[in-house]
Amino acid sequence: MSLNGSTSNGLQRLTAQLAPLLIVCALVFALPVLLNNDFLLNKVARYLVLGILTISLGLSWGFGGILNLGQAMSFGLGSYAMAMALKLKTIPVHTGASGLPDFMVWNNVQALPWFWVPFRSLPFAIAAGMIVPALVAAALGWFMFRGRVTGVYVSIITLATMVVINLVIIDQQSYTGGFNGITDLAQLEIFGVAFDAYGRATYYLVAGCMMLSLLVAFAFTKSRAGLIVQAIRDHESRVRYFGYDVALYQIFVFALSAAIAGLAGMLYTVVMEFASPTFLGVQLSLSVVVWCAVGGRQSLVGSFLGAVLVAGMQGALSESAAFLETWTLVMGALFVLVVLFLPKGLAGLAQVVWRWIVQRRQAAGGVAQGVGQTEGST
Amino acid sequence: MTAHLDLNDVSVSFNGFKAINGLNMRVRKGELRCLIGPNGAGKTTALDIICGKVKPSGGTVTFAGTALQDLEEYEIARAGVGRKFQVPSVFRELTVGENLEVARARRTSVVGNLRWDVRNAGGAHVERLAELVGLTEQLDRPAAYLSHGQTQWLEIGMLVAQDAELILMDEPTAGMTAQETRKTAELFARLKGRHTLIVVEHDMGFVKAIGDVISVMHMGQMLAEGTAAEVEAHPEVRRAYLGSGGISHA
């Protein structure tokens, strides 16, 4: 509250905001110690990946105000990049060094298509898994944001683009595996470490990437550029009259969000051991929006937890006999309730509760110790 | 003498309606120019043209030697033009301090802004600005919680933060109390000289308190220019305001 303490105030606030993020990361890393079940660990890793995907949507929707209904497009592209690399790793074993992936053989493809060739290199595939979605998003964003398309039209365009790419992948069976996706993959191996989908290494890989994504996204939102992006969300045209090229900021946050979604997609392939057109399907893409809204789209940790909790619940409900048929109804009701009563999601609820606790404690402390207890109250 | 801002034969029409029709206006550097006129005279549209919100269908707008009429809004802002809107336009979900921080647009590129301000170098500056517009207590509150008058002040503070050479103010005292209006007049007197200002106002008391030269618009054209006394005595101006009790009651 002191006037000249802005430096320490700023640092204090930053630490306070970083704390929940680090606590969540610590819990995620500690889980394998408590949970000695490889099958469950793989399941949790899957939810963590979906959490990363939801963080990426929170970045563009909650902070940039860009409701991307096609967030799964970036996810799917990343997933296919990884699957292509891992598929090519199986060739020497299955068909000899000059062979082709099995589904290409079934489809009478004679030579490896040009766009498959560079995926023989795993570093290229990993880079492509993030750069390709980012470039696609940047190109799409260039047309949308230069043309000052906003609001619901952005949602429609992103959704439609995703559906188009989804259909192209299904249609081009001889090059993409079509409806079946790309299955029967080799194991990912980096620096001699093999990432078995049911191994701890994979879990820690996912956890590490999740922490990295959270920190990168957090760093961006705390930068000046992140502040300007939030200003654009609040009042787009106003920002222009301060000399900022609004479209460039929107393209940047859109592409950054796509790159993180691409990373999540790559991890999903490792955890699930295949890539499928459903990874860039409408159902997943809209689910991400629900998770993000439930968790609180203006909070990165909230978005992440929203995905883990709701996706986890989805998994549990759809497997239980009682809710086998009705779990989508339960999810729909949850979404409606959150939108109606918790516009800032669970993160908003947590904030309200936290403020209430602090105020209660201050009221109690104020009586006991008089004034001077207000330092750091905000 | 060359003008700092020069509107030359500017026209604009909305669906065939000529909102601005051959408007000429020249403003000297450091001048505080008041722009008045009856409702629908085209005052706000004139500001919209200068800051690029509306593209003129004819004529030129020159500011400090730069032709503005074909530039994008952000390019015009970078050329040194700031704008306050009639409906206070601030970032409601950001705090007062963050609003001022965004307005302090020293660097405008995305990559140039990918930096943290952990030492909070801009903090002292922001606090000074908040003090100037009387919002020190509200620095950490979201702008959505401000009263109407405070929101007006915040946007004025944001324009001071932007430090534009030419500042366009559209009804800055609308919705303010008499005391707030007086404080605004004092602030404008301080800005005069360092910045060139164009102020659209209805409050004649305020206009007389701050303005050197008053420009009167009517039907999208410049009707008269001069001091308050000259303008009030001008027969065309009297006719334009006929039935509304003269310009002091407009």
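This is a predicted model: local features need pLDDT of at least 70, side-chain atom pairs count only at pLDDT 80 or more; totals for chains, interfaces and linings use all residues.

Me: OK. How many helices and strands are there in chain A?

Reply: Chain A has 16 helices and 2 strands.

Me: And what box do the C-alpha atoms of chain A fill?

Reply: Roughly 80 × 55 × 45 Å, taken along the principal axes.

Me: What about contacts along the sequence in chain A, what share join residues at least 24 apart?

Reply: That share is 79%, counted among contacts between residues at least 6 apart in sequence.

Me: Switching to the interface. How many residues of chain A and chain B are in contact?

Reply: 26 residues of chain A are in contact with 32 residues of chain B.

Me: Which helices of chain A supply at least two residues to that side?

Reply: α1 (6-34), α10 (224-234), α11 (236-240) and α12 (246-272) of chain A each do. α10(A) gives the most, with 7 residues.

Me: And how does the side of chain A that touches chain B split by class?

Reply: There are 12 nonpolar, 8 polar and 6 charged residues on that side of chain A.

Me: Is the crossing of α3(B) and α5(B) left-handed or right-handed?

Reply: The crossing of these two helices is right-handed.

Me: Which residues make the contact?

Reply: From α3(B), B:Val96, B:Asn99, B:Leu100 and B:Ala103. From α5(B), B:Leu154, B:Gly157, B:Met158, B:Ala161 and B:Gln162. By class, the contact of α3(B) with α5(B) has 6 nonpolar and 3 polar residues, and no charged ones.

Me: One last spot. Where does B:Thr2 lie?

Reply: B:Thr2 is in the segment before β1 (5-14) of chain B.

Me: Buried or exposed, that B:Thr2, and why?

Reply: B:Thr2 is exposed, because 10 other C-beta atoms lie within 10 Å and the cut-off for exposed is 12 or fewer.

Me: How far is the C-alpha atom of B:Thr2 from that of B:Gly65?

Reply: The two C-alpha atoms are separated by 9.5 Å, with B:Thr2 and B:Gly65 63 residues apart along the chain.

Methods
Residues are numbered from 1 along each chain as its sequence is written. Chains are lettered from A and ligands numbered from 1 in the order in which they are written. Two residues are in contact if their C-beta atoms, placed from the backbone, lie within 7 Å. Helices (H or I, at least four residues) and strands (E, at least two) are DSSP runs, numbered from the N terminus. Ala, Val, Leu, Ile, Met, Phe, Trp, Tyr, Cys and Pro count as nonpolar, Asp, Glu, Lys and Arg as charged, and the others, Gly among them, as polar. A residue is buried if 20 or more other C-beta atoms lie within 10 Å of its own, exposed if 12 or fewer, and partly exposed in between; C-beta atoms are placed from the backbone. A crossing is left-handed if the near helix is turned anticlockwise from the far one by less than a right angle, and right-handed if clockwise.
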